[in-house]
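Please open the structure in a viewer and keep the sequence at hand.

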Amino acid sequence: MINAGTTVAQAKAPASAVRLPRRRGIELALIVLAVLLCVYGYCAVGLARNGTVPPGAAGYGAGLGVLAFLAHCAVRLRAPDADPLPLPIAVLLNGLGLVLIYRLDLETPGDEAAPTQLVWSTVGVTLFILVVVLLRDHRVLQRYAYVCVVTALGLLTLPILFPAVNGARIWVRIAGFSIQPGEFAKVLLAVFFAAYLAANRNALAYAGRRVWKFRRLQLPTGRVLGPIVTIWLLSVGVLVLERDLGTSLLFFGLFVVLLYVATGRTGWIAVGLLLASLGAVAVGWLEPHVHSRVEDWLHPFASIEAGQGPNQLAQSLFSFATGGILGTGLGLGHSILIGFAAKSDFVLATAGEELGLAGLSAIFLLYGLLVERGYRAGLAQRDPFGRLLAVGLASILALQVFVIAGGVTGLIPLTGMAMPFLAQGGSSVVTNWAIVALLIRVSDSARGQYDGKAAP
Amino acid sequence: MTRYIRHAAVFCALLLASLLANAARIQVVQAGSYDDNPANRRQTIARYHEPRGDILVGGRPVTGSRDSGGQLRYERSYENGPLYAPVTGFASQLYGTTFLEHAEDDVLSGTDPMLSPFPLWNDLTRARADGGDVVTTLDRGAQQAAYEGLGARKGAVAAIEPSTGRILALVSTPSYDPAVLSGNGSAVKRSWSRLIGDRDKPMLNRAARQTYPPGSTFKVVTAAAALDAGVITDLDEPTDSPAPYTLPGTTTSLTNEGEGCEDAPLRAAFEWSCNTVFAKLGADVGVADMTATAQGFGFNDTALRIPFSVARSTFDTSVDRAQLALSSIGQYNTRATPLQMAMVSAAVANGGQLRAPYLVERTTTDAGATLATAGSRPVRQVMRPSTAVRMKELMEGVVTEGTGGNAAIPGARVGGKTGTAQHGIGNAGVPYAWFVSWAQAEDDMEPKVAVAVVVEDGSADRGEISGGGVAAPIARAVMEAVLTS
């Protein structure tokens, strides 16, 4: 992700007649590879479980292939200069997620999630195509910053009107469909943060009173800072009410990262961390739901010692441990022991058990690569809004992967969240496709306008 | 801004690196301890994923596996469950394993390293070998005869081939069907609590895991000790023992059930089971020689495995002369398992040599290739061969002349000893009827079978006769089954 070498190379490149290769052919080849890998995984599950190739293999491969091909065509036609990596990575992760969910469906007959997930993936890819085709220039979004934030807050507050599910009030149920509006809100908030910070970053960085003796810490004026902190407090407040701490943590991290990138002030990080720890302690103290999560994290086997059997986190750790280095093989693990969230929050445990540390590392590196391409699009972009937008979207992915993967592997307390593309969950898949579409859009404009000079 | 974007990127890279490091910690460093956590069901699931190997009696399996289709997939089934329960034990998803199912679990469940094609192969491939089979030494006919002989009564039978130590029959009644404990449904839990709560203790292996006062059958040990120690040199010479006999150092006097024991020679005393004669003999032999002989037969041995462990039979070694006298007629602290008493009889029948008893002839792979055989068992010279010859004579006398007439088999040499053991406070309990014996067909070179039978509800009325009346016919049926097979 640190590409100092590249920058030097770019700086030395001649100033004229430079055009980055488009590499659409490579993108197509990688997509074909990704689809084949997923079909192979699908067949491997069937062979391991029943000794036969599952009857739906051709349909599954064709479905995934057609979706990926259509997305590729959209990119080829409307974003020809875009980075060739994000789309194949998204296809591979989404396809792998479908394989894992299909595999877990075999353990829960009567409760099949893979077909629904395929439908939502189709919706997601459709949204991807629409964004790539209809959004000609990402800067258009800057104009709708306040529309975005109002919509985001509306979406965040909506689930309060609906009953809680498993302790979190984050779902909206309409006509048999469950939607998690908070998922969409994060993209809208990223757009708003990017637009607002792009417009006000100088004021935030340099204006305002200086506190502290040696003028190290400088506070911006309330006029500049006020709106953004208000928005942030509102969103976090809503989330605490809804008990969705994963998303709350995500928003907070996104806010701090973008503020730091926009202003370059380390003081923001200090203030951010201070606020975060205060908030974490307060919430952990007051909210029993969170308090129990922290207790589980510190003592994952407490329920076993108490004779109540392993809890979800303990089961998840057992899953990862069983996988070892090479895994048990697709279809041959017992991650279903985790229970009701095996297909959603804990889907990574199935990957860890059946693909082992090798497969898990590959998945982590795919996410890392996706994030890196997002950051790279931000670096290559000239327009501050575009830069912040790309960084914000990439950071959403990075933070989300860290929060949920760290949670299910016992690195940090568990907060309910979906592994991007991998986990069961319609809203999540659709949102992540939208994120990839915006990254494609930003990278297309960044590489299209590239003139051989490094970005400022 | 570029600089700060790079910083943020480094931050994301650190997050990713910590995820990878943590995954390696769980999946490699700590994997072992998580795998072995008893709350982790995976080992149990793997264990029941394949059908279990079988336990074979007379070349045919007495166990089977039934596919339940559940998470713990294969459940154990048993043919003639109650008949073989003291040998097979049970294999239950909920309550674990016992007896051979437990002792040979590695082979039966397929985890024995010998079952994998190459060393470490199964560790590498995560495969589990097909369960192997366990071939027992049991004789179907003898087992059946013993079980039918005991019938509705509470008791146990152990039969051994004297020359090898192979266990030919091991029966305990009342018994139970281990099949009701396989699986993990609520029916299994109900069966378990019913069996555990049963006052007759059907799951108790009375042949190997329960000790009884051996009563007069212990006189075989005392007689052997007296002959070996030279206290008796002539079987027909009067023994200079009074009747009743006052226990040394006390005023308690010991009587006999029958008449004619005063000064009786050893042969007559053995045939008619004179308590006075044998109590005095034990006291005359002394603690050291009595202990040596009893321990030679296997008393006080905690290490006996057949391959599951056998309850320790006891002969108290810190006793005064009165206690020694009582110990020598199988009372006081003397206790024996039926298997132990079968070993006593087998040692006599085998010329004074005792072979350690065993139940598993060999283990094989699923395809029938031998994994391990019982091999030669340790031999112990329990008494001098000349003593053994005279002991056989004495035991044959019991069957031809004395209390053991019910064990006689036409056309075979049969030796035996009856016993009735008093027990309970003030001997209030219903006495145990014992019979230990061996048999040799006319055209055989050596005795083919040694048997011990105990019946818990032997009649209290006629002392020695109950051993001969209740237990001897069962022993005869078992011996006949072996001799004719």
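Begin by selecting helix H8 (residues 181-206) of chain A and helix H17 (residues 426-448) of chain A, which pack at an angle of about 15 degrees with their axes 8 Å apart. Axes are lines fitted to C-alpha atoms, for helices over the stretch in contact, and angles run from 0 to 180 degrees between N-to-C directions. Helices (H or I, at least four residues) and strands (E, at least two) are DSSP runs, numbered from the N terminus.

This is a predicted model, in which local features need pLDDT of at least 70 and side-chain atom pairs count only at pLDDT 80 or more, while totals for chains, interfaces and linings use all residues; side-chain values use heavy atoms, without hydrogens and water. Residues are numbered from 1 along each chain as its sequence is written, and chains are lettered from A and ligands numbered from 1 in the order in which they are written.

H8(A) and H17(A) are therefore roughly parallel to each other (angles under 35 degrees count as such). Now display the side chains where the two helices meet: A:Glu183, A:Phe184, A:Lys186 and A:Val187 in H8(A) face A:Ser427, A:Ser428, A:Val430, A:Thr431, A:Ile435 and A:Leu438 in H17(A). Contact means heavy atoms within 4.5 Å.

Next, move to chain B and select strand E3 (residues 63-67) and strand E4 (residues 74-78), which pair in the antiparallel sense over five bridges. Two strands pair if DSSP finds at least two bridges between them. B:Gly64 stands opposite B:Ser77 in E4(B). E3(B) and E4(B) form a hairpin with six residues between them, and B:Gly69 in the turn has a positive phi of about 75 degrees.

Then select helix H10 (residues 219-229) of chain B. Is this helix mostly covered or mostly uncovered? H10(B) is mostly covered, as nine of its 11 residues are buried (under 20% relative accessible area, with a 1.4 Å probe and protein chains only). Among them are B:Lys219, B:Val220 and B:Leu227. Just after H10(B), select B:Gly230, which takes a positive phi of about 80 degrees.

Finally, colour the open sheet of chain B, whose five strands follow the order E9-E8-E18-E17-E16 with antiparallel pairing. Strand E9 (167-173) and strand E16 (412-421) stand at the edges, each with a single partner strand, so one side of each lacks a neighbour in the sheet. Helix H16 (residues 385-400) of chain B lies across E16 and E17, running at about 80 degrees to E16(B).

Technical notes: Angles under 35 degrees count as roughly parallel, over 145 as roughly antiparallel, 65 to 115 as roughly perpendicular and the rest as oblique. Buried means under 20% relative accessible area, exposed over 50%, partly exposed in between (1.4 Å probe, protein chains only).
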